[in-house]
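This briefing goes through one protein chain by topic, from overall make-up to single residues. Please keep the structure open while reading.

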Amino acid sequence: MPPKKTPGARKAPAKRKLAEEFPPGEVLTDSGKKQWKLGLPVGQGGFGRLYLADANTSTAVGTDASYVIKVEPVDNGPLFSELKFYMRAAKSEQIQKWTSTHKLKYLGVPRYWGSGLHSKNGNSYRFMVMDRFGEDLQKILESRGKKIFARQTVLQLGLRLIDILEYIHEHEYVHGDIKASNLLIHHKNPNQVYLVDYGLAYRYCPDSIHKDYKEDPRKCHNGTIEFTSIDAHNGVSPSRRGDLEILGYCMIQWLCGILPWEDNLNDASYVANSKIRYGDDISELMEKCFPGRNKPDEIARYMECVKELAYSAKPPYQRLREILLQGLKVLGCKDDWKLDFSIVQNGVVPHNKQKRKLARMIDDDSVDEENEPESLVKQKPTKRRAAKTFAKSAPAGRSRGRTKNN
Ligand SMILES: Nc1ncnc2c1ncn2[C@@H]1O[C@H](COP(=O)(O)OP(=O)(O)O)[C@@H](O)[C@H]1O
Ligand SMILES: [Mg+2]
């Protein structure tokens, strides 16, 4: 059974259970015998529950906790695959080494701190400890009148995402589900963005041997329908070019608010065919998304560059960065490693009231806890636009829960 088609956050397919909610104070012991204490829930995805957490001490876990624990019933696939990615590629030393050898100010990959199994009320759960972050970009987008970011902010996001993707790719993985709700702002530093949710991550190049191009109808349309790559639509295992294509669709949506195929997301073939058609004629895509307006030429050039990539080709990350940097230059900006979400349009700064609201969303230190006690620890119900995971011809959960080991 495909996932529900009502707009909104992802739904867990019927077959999979969501973990029961644990009370604050629950203590989990990881496989290295380290104990962790849970705090308040911080979010809920289609499959897992997420809690604030800290090392187990005598005090309760506060809202300034440094860790988040993701918990899923043990039989669920996504956390199992996600955990493998984190254990292979997200250890603190690995990230630190890459950051210094590549001279980055930071790398937006969450660090892995431990994992284990936990039993409660006769049920068994898998859990994983990672860095704690703040608000996701989808919520920031939705808090605005127009669901768009300024061009300079999108280009800065693109640059940081290329850094992240290069790291992940060089560690044999692709992400496969880049989108605003999987991009989190650091909870103390609003200029840093992190890519989370490796439930669809795929080891495209195990032990340096690239997977072959093979269309498998059972895997068609894996990912989030509006952003997923043409390879994924065709049922091909994702590779590096797909991640960059997804990033391209995200950047366009963040700039203009809506992608041309969003008028019928329930029809996966229509979405796939639209992407193929517009991919063949990128100037038509630009005209459709930015009619009669100042078109972001750098995005067209980025898309052209990605389109040229063979399935198993290593993307020219530096060339792609240079294309986006050129876009910043045209705007009179440079890559300052900052993310200014307060700019509504290029050069237009909002009223102080709106600015304060945005600042509150991305910096929990400035939250007035008495007036907004849950604004950062619990997800407020939001009218989420459809960002659906789609598995048309695959059995329930296939799109999120690939069971095969990779
Ligand atoms: N490390 C984290 N720190 C803070 N919030 C998080 C963290 N990881 C996830 N979240 C929140 O939980 C939501 C769901 O997490 P995600 O890993 O995307 O789960 P799913 O695989 O179920 O989509 C995210 O959109 C985000 O709001
Ligand atoms: Mg997610």
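Two residues are taken to be in contact if their C-beta atoms, placed from the backbone, lie within 7 Å. On that basis, among contacts in the chain between residues at least 6 apart in sequence, 65% join residues at least 24 apart. The model is predicted. Its chain has 406 residues, of which 46% count as buried, and its secondary structure comes to eleven helices and eight strands.

**The sheet**

- Six strands make up an open sheet, in the order S1-S2-S3-S4-S6-S5, with antiparallel pairing.
- The edges are taken by strand S1 (27–29) and strand S5 (112–120); each has a single partner strand, so one side of each is left without a neighbour in the sheet.
- From one strand to the next, the twist averages 40 degrees.
- As a general point, strands of a sheet pair through backbone hydrogen bonds, either parallel or antiparallel.

**Strand pairs within the sheet**

- S1 and S2 run antiparallel and are joined by three bridges.
- Thr29 has Gln35 in S2 as its bridge partner.
- Ser119 has Ser124 in S6 as its bridge partner.
- S5 and S6 form a hairpin with two residues between them.

**The S5–S6 turn**

- Asn121 lies in the loop between S5 and S6 and has a positive phi of about 50 degrees.
- Is Asn121 buried or exposed? Asn121 has 5 other C-beta atoms within 10 Å, and because 12 or fewer counts as exposed, the residue is exposed.
- Asn121 is 101 residues from Glu20 in sequence, while their C-alpha atoms are 9.5 Å apart in space.

**Helix packing**

- Helix H9 (residues 297–307) packs with helix H10 (residues 317–330) at an angle of about 170 degrees, and their axes are 9 Å apart.
- Angles over 145 degrees count as roughly antiparallel, so H9 is roughly antiparallel to H10.
- On the H9 side, the contact is made by Glu298, Arg301, Tyr302 and Cys305.
- These meet Arg319, Leu320, Ile323, Leu324, Gln326 and Gly327 in H10.
- Sorted by class, the contact of H9 with H10 has five nonpolar, two polar and three charged residues.

**The annotated residue Lys70**

- An unreviewed UniProt entry carries the annotation "binding site", and this covers Lys70.
- Lys70 is placed in strand S4.
- Lys70 counts as buried because 28 other C-beta atoms lie within 10 Å, against a cut-off of 20 or more.
- Which residues is Lys70 in contact with, leaving aside its neighbours within four places in sequence? They are Gly48, Leu50, Leu79, Phe127 and Met128.

- Most residues other than glycine have a negative phi.
- Asp197 is not a glycine, yet has a positive phi of about 65 degrees.
- Asp197 is found in the loop between strand S8 (193–195) and helix H5 (230–233).
- With 26 other C-beta atoms within 10 Å, Asp197 is buried.
- Trp337 is also not a glycine, and has a positive phi of about 60 degrees.
- Trp337 lies in the loop between H10 and helix H11 (352–362).
- With 13 other C-beta atoms within 10 Å, Trp337 is partly exposed.

Terms used: Residues numbered from 1 in each chain as written. Chains lettered and ligands numbered in written order. Predicted model: local features only at pLDDT ≥ 70, side-chain atom pairs only at ≥ 80, totals over all residues. Pairing = 2+ DSSP bridges. Helix = DSSP H or I, 4+ residues; strand = E, 2+ residues; numbered from the N terminus. Axes fitted to C-alpha atoms, helices over the stretch in contact; angles between N-to-C directions. Parallel < 35°, antiparallel > 145°, perpendicular 65-115°, else oblique. Nonpolar A, V, L, I, M, F, W, Y, C, P; charged D, E, K, R; others polar. UniProt positions renumbered as here; feature names shortened; annotations may be inferred.
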